[in-house]
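Hi everyone, thanks for coming. Today I'd like to walk you through one structure, contact by contact, so please have it open as we go.

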Amino acid sequence: MTHYDIYSIRNDFPILKSVVNGKPLVYLDNGASTQKPQLVIDAINHYYNSQNSNVHRGVHYLSQIATDAYEVTRRKLKSFINSKEEYEIILTKGTTDSINLVASSFGNAFINEGDEVLISAMEHHSNIVPWQMLCESKKATLKVIPINDAGELDMDAYSKLLNERVKIVSITYVSNTLGTINPVKDIIRLAHAQNIPVLLDAAQAIQHIPIDVQALDVDFLAFSGHKMYGPTGVGILYGKEKWLNAMPPYQGGGDMIKDVSFEKTTYNDLPFKFEAGTPNIEAGVALSFAIDYINSIGLDKIAQYEHELLDYATDELLDINGLRIIGTAKEKSSVVSFVVGEIHPYDVGVILDKLGIAVRTGHHCTQPLMALYGIPGTVRASIGLYNTKEEIDTLVKGVKKAVSMLS
Amino acid sequence: MSINALQDELIEDFSFFEDWMAKYEYIIQLGKELPLIDEIYKEPQYLIKGCQSQVWLHADYVDNKVVFTADSDAIITKGLVSLMVRVLSNHTPEEIANTDLYFIDQIGLKEHLSPTRANGLLSMVKQMKMYAIALQSKNK
C-alpha cells in the first residue's frame, strides 16, 4: 500500500477506540455515517465556546465571525468540487433535503403533465420518493433505467429511454447497496445531447472519488456532510447557476428574501434564495474542518487505499462457503454487500454486533433493488478512510462464526 | 402456570448461560425448531413488517384463552418469538393485556425490543396485547 499512515489516521478518530460488547469496535458502517476526526469535534465545541451567533443577520462582532466561519465552508466546498461560483453551492440539511429541493423547485418550474423523470433501478429511496411525489402531483411519469445482474446500468436501455418528454435524469453516482460506480460522464453526455439536465446523488461518492462538477458538466450534485467525516444536519446541493436562477424558491422565510410586504415579497439572490431560516450553523462551520482533513490526506490517496481494502475484503469474503456478493460491477467503490446461503442478514448482523463489528443489514433504503434480487436484504460492510486490513480479517472471521452458529 | 411464573422460569433458565454465545445458541436452537405457525397464516394480513425481519402472528380464542402462533423469517427473531409465545399464549385476555414483559430485559435481550424498527418483535408484542385488549372488550 502507498504511504498512508493508517495508525496516525485512526488516532485522529477518538470513537475508534471504543469497546463494544467487550470487543474493540470494528466500524464498517461508513455508508450509513462516518466517524469524525477530533478537529471536527473540536470545531463544534469552539463554535459554541467562542463564535456562536446567528449568521447573515447581525452587525455585531459575534454575528460577523459566525458568518465568516460559515461562509468559509461554502468557499471550501466550491474548491472541493470545483464549482464555478460560490453561490452555486446551496447548504441544505442533507442529501435527502437537496434532492427534495430540486424535485420540488425544478419540478414546479419545468415539469408538467405528460413529462417524464428518469431514475435507475438501484436508487436509494431518497432519490425515488421525491420524484414519485412530484410525478403524482404533476401527472408526470417516473421511468426506471434497468440494471443487469452484476448491478450495472443498462446503458442501451438508458439511451432508448431518453426522449423529448424526459425533463430530468436523477441517478446515483455510487450505489449505497451495490457499490456500483455509474458511468456518469456518459450518462451526462447522452442526456445533454437531448438537452436534458442531470442530477447526481453523490452521497456515496463524495468521500471516495474526486469530483469536478465543471469537468462532469453535471447540472445538480447532492451530498451529505455526515458521510464525509463531517457533522450530521448539513448537506450540499450544487446547481448550475442557470438552473438555480430559473427555479422558484423551495422554502419561504427569513434570509431568503430581499423585501417583504403583504402585497409582494421579493427573493434574495443565490445562494440565500434557497436557504430559508437559521441553518445548522455549527454543522456548517465544522464541515470545513472535515474538508481540510480529507485534503490533508488527499482524496486520491484515500481512494486508492480504500480500493485495495475493498479488493481484499471481496477476495476474503468469497472464500466463505455459500457466500454470494450482491453487486459485482466492474467498477465499484468501498461497499461490499453479501448474503450467505439462506441465512437472514439480520441474524448475521446480530452475531457480528456481539463481536464488536458494526455493519448494516437489511434493505439499505433500496427496497426495489432487494425485490429485483429476490432477497430480504444484505449484510453490507462499507469501508472508510480509517479501516484496516486487520478489521477486514475480523469481519471475515465474524461472518464465519455467524454462519456456523446459524446453519 | 401464570405469565409471571413463566417469565421467572425463563430468567432462571437463562441465568445458566455463561456468555452471549451460549445464550444466542439457545435462541437459535429455538428458532430452528418446527414452524410455530400454520403455513396458511403466512399471509399479508398476519404479517408484522419490521424493517429487516418479518413476523407472522395469528391469534385464536379458545375457552376464554388466547392461543398465539407466530413465526419469523430470521432465526434469532424466531427464537425470541417462540419465547414470547411460550410466555403469553394460553392465557386469558385480561392476563395478557396487563402483562409487564420484564423477562426480555432480565435475560439481557432488551436491544431486540428496541423501537429501531429493525425487527418485527416490538410490533408483534404490541399486536399480541391489542388482540388481548380487543378480545377482552368483546367479552365484557
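Let's start where two helices of chain B meet: B:I3, B:L6, B:Q7 and B:L10 in α1(B) touch B:L83, B:R86, B:V87 and B:L88 in α3(B). By contact I mean that the C-beta atoms of two residues, placed from the backbone, lie within 7 Å. The helices, here and later, are DSSP runs of H or I with at least four residues, strands are runs of E with at least two, and both are numbered from the N terminus. Sorted by class, this contact has six nonpolar residues, one polar and one charged. Nonpolar covers Ala, Val, Leu, Ile, Met, Phe, Trp, Tyr, Cys and Pro; charged covers Asp, Glu, Lys and Arg; the others, Gly among them, are polar.

A word on where this comes from: it is a predicted model, in which local features need pLDDT of at least 70 and side-chain atom pairs count only at pLDDT 80 or more, while totals for chains, interfaces and linings use all residues. Residues are numbered from 1 along each chain as its sequence is written, and chains are lettered from A and ligands numbered from 1 in the order in which they are written.

How do the two helices cross? The axes of α1(B), residues 3-14, and α3(B) come within 8 Å and cross at roughly 140°. That makes α1(B) oblique to α3(B). Axes are lines fitted to C-alpha atoms, for helices over the stretch in contact, and angles run from 0 to 180 degrees between N-to-C directions. Under 35 degrees counts as roughly parallel, over 145 as roughly antiparallel, 65 to 115 as roughly perpendicular, and the rest as oblique.

Now compare another pair: the axes of α2(B) and α3(B) come within 7 Å and cross at roughly 85°. These two are therefore roughly perpendicular to each other. Residues making the contact include B:Y24 and B:I27 of α2(B), and B:I75 and B:L83 of α3(B). By class there are eight nonpolar, three polar and two charged residues.

Next, the chain interface. It takes 14 residues from chain B and 13 residues from chain A. On the side of chain B, α2 (20-32) and α3 (75-88) are the elements that give two or more residues. Which of them gives the most? It is α2(B), with four residues.

Chain A has two assigned domains, domain 1 (6-30 + 298-406) and domain 2 (41-295), with bounds from an automatic or database domain assignment. Their contact takes 25 residues from domain 1 and 20 residues from domain 2. The largest share of the domain 1 side, five residues, comes from α11(A).

Let's look inside. Of the 150 residues in the largest nonpolar core, A:A202, A:L221, B:A70 and B:M124 touch the most other members. Such a core is a set of buried Ala, Val, Leu, Ile, Met, Phe, Trp, Tyr and Cys residues joined through C-beta atoms within 7 Å. Buried means 20 or more other C-beta atoms within 10 Å of a residue's own, exposed means 12 or fewer, and partly exposed is in between, with C-beta atoms placed from the backbone. B:A70 touches, among others, B:L36, B:W56 and B:M124.

Last stop: A:V40, in helix α2 (residues 38-51) of chain A. A:V40 is buried, with 25 other C-beta atoms within 10 Å. Among the residues A:V40 touches are A:Y229, A:P231 and A:F289.

Conventions: Lists of a residue's contacts leave out its neighbours within four places in sequence.
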